Amino acid sequence: METRKLIIYRPKAKEKYYDESNILIYNDNEMLGKLGQNDTLEIEVNAKKVQLYVKAPWVGSKLIDVKTDRNVKVEVYKNPKFAKSQAILIAPIPLLFVLFINTDTLWLRLPALIVLILIMAKIVHHYYFARNKVIQENIFEID
């Protein structure tokens, strides 16, 4: 049986921001390796099809089906749309909470409560419902 090369690459140029966290690559619950930005992982495969699972801190990905009839290069990277939203979401929470607790004026308290609820809903959406959209992949056949 002929072995083929599976190259997994994490391009820094597509992530937009510097990130020291590693992306973990799994196949059949076996960790293949860790990828930092601009890291490459080369694997010899015998199977015709490989299912990869990519895990980053707090998020995961859907299963990535890779047909390995030929040598294949897979780019995996974090979606830049999710990169800076964490700080933007968390920063106003203390101010809004203090405003909500310390004010007796209803016209200030009600908007602060509504904004707090919206921010918490966005955080829940970001870390629970959209966590499988954070990791992006591109698959290329190479020779």
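Is Asn38 buried, partly exposed or exposed, and what is its relative accessible area? Asn38 is partly exposed, at 43% relative accessible area; buried means under 20%, exposed over 50%, and partly exposed in between, with a 1.4 Å probe and protein chains only.

Good morning. The model before you is predicted, so local features need pLDDT of at least 70 and side-chain atom pairs count only at pLDDT 80 or more, while totals for chains, interfaces and linings use all residues. Residues are numbered from 1 along each chain as its sequence is written, and side-chain values use heavy atoms, with hydrogens and water left out.

Asn38 lies in the loop between strand 3 and strand 4 (40-45). Helices (H or I, at least four residues) and strands (E, at least two) are DSSP runs, numbered from the N terminus. Although Asn38 is not a glycine, its phi is positive, near 65 degrees.

Asn29 also has a positive phi, of about 60 degrees, and is not a glycine. Asn29 sits in the loop between strand 2 (23-27) and strand 3 (30-35). With 81% relative accessibility, Asn29 counts as exposed.

I turn now to the helices. The axes of helix 2 (residues 93-102) and helix 3 (residues 106-129) come within 9 Å and cross at roughly 145 degrees. Such axes are lines fitted to C-alpha atoms, for helices over the stretch in contact, and angles run from 0 to 180 degrees between N-to-C directions. Contact means heavy atoms within 4.5 Å. Among the residues making this contact are Phe97 and Phe100 of helix 2, and Arg109 and Leu116 of helix 3.
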